[in-house]
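Visitor: I have a model open and would like a guided look at it. Can we go through helix packing and the ligand, step by step?

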Amino acid sequence: MYNLILFGPPGSGKGTQSEKLVEKYGLIHLSTGDLLRRERALKTPLGIEAQQFVDKGQLVPDEVVIGMISSALDNNSEARGFLFDGFPRTVAQAEALDRLLELKKSEISQVLFLEVNEEELIQRLVNRGKTSGRSDDADENIQRKRQEVYKNETLPVAAHYSKSKKVTQINGMGSIDEIFSRLTGQIEKKIN
Ligand code: B4P
């Protein structure tokens, strides 16, 4: 199995690039952001609870997202591999993911880290907010809060995977196609 984590701050283009990558490589796309938005649209108890956190720019509790990923892994046992987008976002989530993959005699193959400067991130998210209808895109203060949460809670995930030399930094500035080709250049070195 080939399992990729696409890592980076909010607005770095994880969702944008994931759509293109899963199409090219036939991986199963697991985006916790998308899964949470689906739960919200269906008005499930999980979706309603999670939205209180999302709207404030905070992370949803670990047990909620770990449970969603665990079921998604079980439901796709024949997959060639997975692309994790927006997950793991805390070290506890990363440790849980490592354990879940180990149970399947698998592991993370690669972590590709999209680097984008903060002003560009805020700009992209404010622009996205003009059309997305997403409550967490609505104002700049929430965007700044999300970047702060990223630095405190999510950035340590990169250090977790650096210990096993799995992380490669990718310049996330430029056109969508340029960034896609940087990502595929790295993936081709590992996928078979
Ligand atoms: P997510 O849905 O994961 O989304 P994101 O971080 O906002 O965006 P992404 O990096 O995917 O950027 P995108 O491609 O859209 O998270 C939403 C919320 O859900 C979180 O804040 C949290 O509350 C909760 N959540 C999710 N997962 C969780 C977890 N594991 N644990 C706890 N809570 C969790 O790109 C952004 C914009 O930039 C788009 O408009 C795009 O068109 C544009 N863009 C992309 N590439 C560009 C480029 N090269 N140049 C210019 N613009 C570009």
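This is a predicted model: local features need pLDDT of at least 70, side-chain atom pairs count only at pLDDT 80 or more; totals for chains, interfaces and linings use all residues.

Visitor: Is α4 roughly parallel or roughly perpendicular to α5?
Guide: Helices here are DSSP runs (H or I, at least four residues), numbered from the N terminus. Helix α4 (residues 62-75) and helix α5 (residues 91-103) pack at about 25°, with axes 10 Å apart. Axes are lines fitted to C-alpha atoms over the stretch in contact, and angles run from 0 to 180 degrees between N-to-C directions. Angles under 35 degrees count as roughly parallel, so α4 and α5 are roughly parallel.

Visitor: How many nonpolar residues has the contact of α4 with α5?
Guide: Contact means heavy atoms within 4.5 Å. Val 65, Ile 66 and Leu 73 are among the α4 residues that meet α5. Ala, Val, Leu, Ile, Met, Phe, Trp, Tyr, Cys and Pro count as nonpolar, Asp, Glu, Lys and Arg as charged, and the others, Gly among them, as polar. By class, the contact has one charged, two polar and eight nonpolar residues.

Visitor: How do α2 and α4 lie to each other?
Guide: Helix α2 (residues 32-41) packs with α4 at about 100°, and the axes are 11 Å apart. Angles of 65 to 115 degrees count as roughly perpendicular. Therefore α2 and α4 are roughly perpendicular.

Visitor: Which residues of α4 does α2 meet?
Guide: The α2 side brings Thr 32, Leu 35 and Leu 36. The contact has no charged residues, one polar and five nonpolar. On the α4 side are Val 65, Met 68 and Ile 69.

Visitor: Which residues come nearest to the ligand?
Guide: There are 30 residues around the ligand, each with a heavy atom within 4 Å of it. Those that come nearest are Lys 14, Thr 16, Thr 32, Gln 58 and Arg 128.

Key
Residues are numbered from 1 along each chain as its sequence is written. Side-chain values use heavy atoms; hydrogens and water are left out. Helices (H or I, at least four residues) and strands (E, at least two) are DSSP runs, numbered from the N terminus. Angles under 35 degrees count as roughly parallel, over 145 as roughly antiparallel, 65 to 115 as roughly perpendicular and the rest as oblique.
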